[in-house]
Amino acid sequence: MRRRGAAVTELEPEGARPLSVCCEGVSFRYDEGATTIAALRGVDLTFAPGASVALLGPTGSGKSTLLQLLRGLLVPDEGRVLLDGLAAGEGDVEERRRRMGLVFQMPEMQLFAATCRDDVAFGPRQLGWSDGAVDEAATSALAAVGLPADRFGARHPYSLSGGEQRRLALAGVLAMRPGLLLLDEPFVSLDPASRRDLEAILRDLRTGGMGLVLATHDVDRAYALCESRVVLDEGVVVDAGPWRFGAGGEDVLLAHRLKPPFVVELWRRLGRGAAEAPPQLTAAAEALA
Amino acid sequence: MPLIDIRGLRYRYAGAADDALCDIDLAVEQGEFVAVVGANGSGKSTLARLLGGLARPAGAARAEVCGHDLCSDDGHLDVRRDVGVLFQNPDNQLVGATVEEDLAFGLENLALPSPEIARRVDEMLARFDLEPLRTREPHLLSGGQRQRTALAGVLAVPRRVLVLDEPTAMLDPAGRDEVLAAVRREADRGLTVVLVTQEMDEVLLADRVVALAGGRAVFEGPPAALFAERELLHELSLGLPPAAEVGLALMERGALAELTLTLDDLVAALQAGTP
């Protein structure tokens, strides 16, 4: 067993190893005084290592609750969440939990340090990494979100634009070297350019092997970034797996207050197979030209 | 005379080094639908707050909204009666234990007679498709239903101008459509609308769009004119509606003659064949 103390004063970060997450019969309820609200009911899902999965569903369908259950911030009332096959309390499941980075809704509200570098370094420091490792992690995380340390490290977080603040908050999570990134509505309230920047960063992380679970109402970006999707409604998984689109009204997304991606709708209207719709607008234009 | 008549308006937050808004000219006629766009921090929400009388300008050559002077002691308070403001998160605006109580709240504050309040609440329930939800608790409704309730509550008091600050940001796609349809209907009934948004396809609902950058108005014109200004869009951290993005990429490849803004236009142009 690894102890903190004289024998091991300087921990080094683990690499960003991907991990598998599995929900088995997970249910969760919020107690609100006299009433109890079932946020999730009997959720069975598997997230393979390195997979990118969109969580789609109407407001109140349980997306944010599911992200917090995956990360272990909430404990299921029934069922269990397995990390690499390990349940809570088994083996080094806590080390695996740390490899999941959760980016909350409006994460820039949590920025607190006097400089960007200190804000990003906070997480790694809490993990007890050596000064050198903390520094290296902060520098590379800032670079990954397009806020290079030499230009932004010494700046005050509140001097950044809204989009930059969002990316700084993401860097704070990336600095802890997650193998799986859980994101709750990351594009909300950003201007179009900031959304494009964030999408490009997430795409780069994907290319680098990072797993993604992306809870969002932005179906176009979900389709562009994720290979598969989970559709939740009223706390129940109504569909899960690779993207597939029914004909018009039979579409599972339309049936649950969602919309198919723009390119899918375009393909349908042009009489092309919806399943063939490319994930990105530029690719769609190339195919049409 | 325009309903919103503003010249040289300026605003600065307490302790800030720079103006949040500077040299703003804005004239909006009765019944117009104006969208306001700009990067995060460009001053959009500040403008919405000033129009609704929720903050007072630091100065202006003229700042009249519905005949009230926003710079005067009384004017920036009185304007709140004529201008309704709807924000991003309906939960911050819902006060009633049920939908109908929520709609009655503003009317009760005006000390209207009870039959008049009841008549007005019924009218709003019908107008915003909330009749089946009248006795439901707002916090148990869907996002779109909550935002429609908040909108109905704002408009239960007769308003001359509706100001919306990113009203669909928190909503699922169906909820977004519901709220936008309700706003469009109110505009068609003659309500003057100012919509602050980050959604480029929502801009297409407006007659006119104003773009802000660094607290200044840097563009004013019809949506199609803004979307034709590619360099400006880039400078302002804005973008195109998806149909225009595909359309532009097709134009660059010589496969489309004119920029299309909506899915319908794009489909029609593609089905008409190559230029």
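The questions below take the helix, then the sheet.

This is a predicted model: local features need pLDDT of at least 70, side-chain atom pairs count only at pLDDT 80 or more, and totals for chains, interfaces and linings use all residues. Residues are numbered from 1 along each chain as its sequence is written, with chains lettered from A and ligands numbered from 1 in the order in which they are written.

Reader: What span is expected for helix H4 of chain A at 1.5 Å a residue?
Author: Helices are DSSP runs of H or I with at least four residues, and strands are E runs of at least two, numbered from the N terminus. The expected span is 1.5 Å times one less than the number of residues. H4(A), residues 131-144, has 14 residues, and its end-to-end C-alpha reach is close to the expected value, 20 Å.

Reader: Within what arc do the buried residues of H4(A) fall?
Author: Buried means 20 or more other C-beta atoms within 10 Å of a residue's own, with C-beta atoms placed from the backbone. In H4(A) that holds for A:Val134, A:Ala137, A:Ala138, A:Ala141 and A:Leu142. Seen down the axis, they line one face of the helix, so the arc, taken from directions from the axis to the C-beta atoms, is 125 degrees.

Reader: Which residue of S7(A) does A:Ala54 stand opposite?
Author: S3 (52-56) and S7 (211-215) of chain A pair in the parallel sense over four bridges. Opposite A:Ala54 stands A:Leu214.

Technical notes: A residue is buried if 20 or more other C-beta atoms lie within 10 Å of its own, exposed if 12 or fewer, and partly exposed in between; C-beta atoms are placed from the backbone. Two strands pair if DSSP finds at least two bridges between them.
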